[in-house]
Amino acid sequence: MDHRHLTVGLGLFILLALISNSCNAARGLDNEVLQMMSETHLEEVGDARYFGGDEFLGDEASDYVNPHNNARRAVGANIPDLKWDNTLVNYARNWAVTRANAGCNLVHSGGKYGENIYWSSWQSVPADAVSSWVNEKKDYNYNSNSCASNQICGHYTQVVWRNTARVGCGSATCSDGGKFVVCSYDPPGNWVGERPY
């Protein structure tokens, strides 16, 4: 964990402690209950921390969610923003680790969630993965609901799939130093015969 994440996490913990202490004095709550409340609401997701559900997304979560939501807004069809989801984060991270341990070949999990996968030969950042998927927009034809000849566009359509509400992403380092990235989506998109929005 780099110092920036530690600083943000520590800052939030101190803020929570100050608020909790004020509430303690006002309500007469004991420290044990306050500690339980802090542990319940301050959750860790990889290197990112956030308070509650999505009130404050840490750097890693924001680095995945923001470009997804920017792509959804760019469509101009009032597609709702995606929310970060811990269950999906764990699922995505577990699959990324599984693939990294098996050589980082691009293989989907075949699970119950929608899924985009990405591999880089370097230590890419979240925006690299999401940009690669969003760049498929140029190969998607909404009128025919199809990809250009010999092109892939299903990663893009999953990113902008209207009925998908939650996303969680994870990554793992490959033995060659590259990175394997997985984003999981719920509900899944890319239903045959349906348009994304």
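Student: Which residue in S8 is the bridge partner of Gly114?

Tutor: Tyr185 is the bridge partner of Gly114. Before going on: this is a predicted model, where local features need pLDDT of at least 70 and side-chain atom pairs count only at pLDDT 80 or more, while totals for chains, interfaces and linings use all residues. Residues are numbered from 1 along each chain as its sequence is written, and side-chain values use heavy atoms, with hydrogens and water left out.

Student: What makes S4 and S8 paired strands?

Tutor: Two strands pair if DSSP finds at least two bridges between them, and strands themselves are DSSP E runs of at least two residues, while helices are H or I runs of at least four, both numbered from the N terminus. S4 and S8 are joined by 7 bridges and run antiparallel, so they pass the pairing definition.

Student: Why are S3 and S4 called edge strands?

Tutor: The open sheet has 4 strands in the order S3-S7-S8-S4, with mixed pairing. S3 (83–84) and S4 (114–120) each pair on one side only.

Student: How do you know that Pro196 is buried or exposed?

Tutor: Buried means under 20% relative accessible area, exposed over 50%, and partly exposed in between (1.4 Å probe, protein chains only). Pro196 has 2% relative accessibility, so Pro196 counts as buried. In the segment after S8, Pro196 touches Tyr140, Asn145, Thr157, Val160, Trp161 and Arg162, leaving aside residues up to four places away in sequence; contact means heavy atoms within 4.5 Å. Pro196 and Val160 are 36 residues apart in sequence, yet their C-alpha atoms are 6.5 Å apart.

Student: What about Asn150 and Asn190, which have a positive phi?

Tutor: Each has a phi of about 60° although neither is a glycine. Most residues other than glycine have a negative phi. Asn150, in the loop between S6 (146–147) and H6 (154–159), has 76% relative accessibility, so Asn150 counts as exposed. Asn190, in the segment after S8, has 35%, so Asn190 is partly exposed.

Student: And what kind of peptide bond joins Asp186 and Pro187?

Tutor: A cis one, with omega about -15°. Most peptide bonds are trans.

Student: How do you know that the buried residues of H4 line one face?

Tutor: In H4 (86–101), the buried residues are Leu88, Val89, Ala92, Trp95, Ala96, Arg99 and Ala100. Down the axis of H4 they fall within an arc of 140°, so they line one face; the arc is that of the directions from the helix axis to the C-beta atoms. The face turned away from that buried side carries exposed Asn94 and Asn101.

Student: What makes Asp85 a cap for H4?

Tutor: A side-chain oxygen of Asp85 lies 3.0 Å from the backbone nitrogen of Thr87, at the N-terminal end of H4. H4 is followed by Gly103, with a positive phi near 105°.

Student: Why is the largest nonpolar core called a core?

Tutor: A nonpolar core is a set of buried Ala, Val, Leu, Ile, Met, Phe, Trp, Tyr and Cys residues joined through side-chain atoms within 4.5 Å. This one has 23 residues, and among those touching the most other members are Tyr64, Trp84 and Trp133. H3 (59–75), H5 (126–134), H6, S7 (166–173) and S8 each supply at least two residues, and H3 gives the most, with 5. A second, separate core of 10 residues includes Cys104, Ala172, Cys174 and Phe180.

How values were computed:
The expected span of a helix is 1.5 Å times one less than its number of residues. A polar contact is a pair of N or O atoms within 3.5 Å; within protein, one must be able to donate a hydrogen and the other to accept it, and residues adjacent in sequence count only if both atoms are side-chain atoms.
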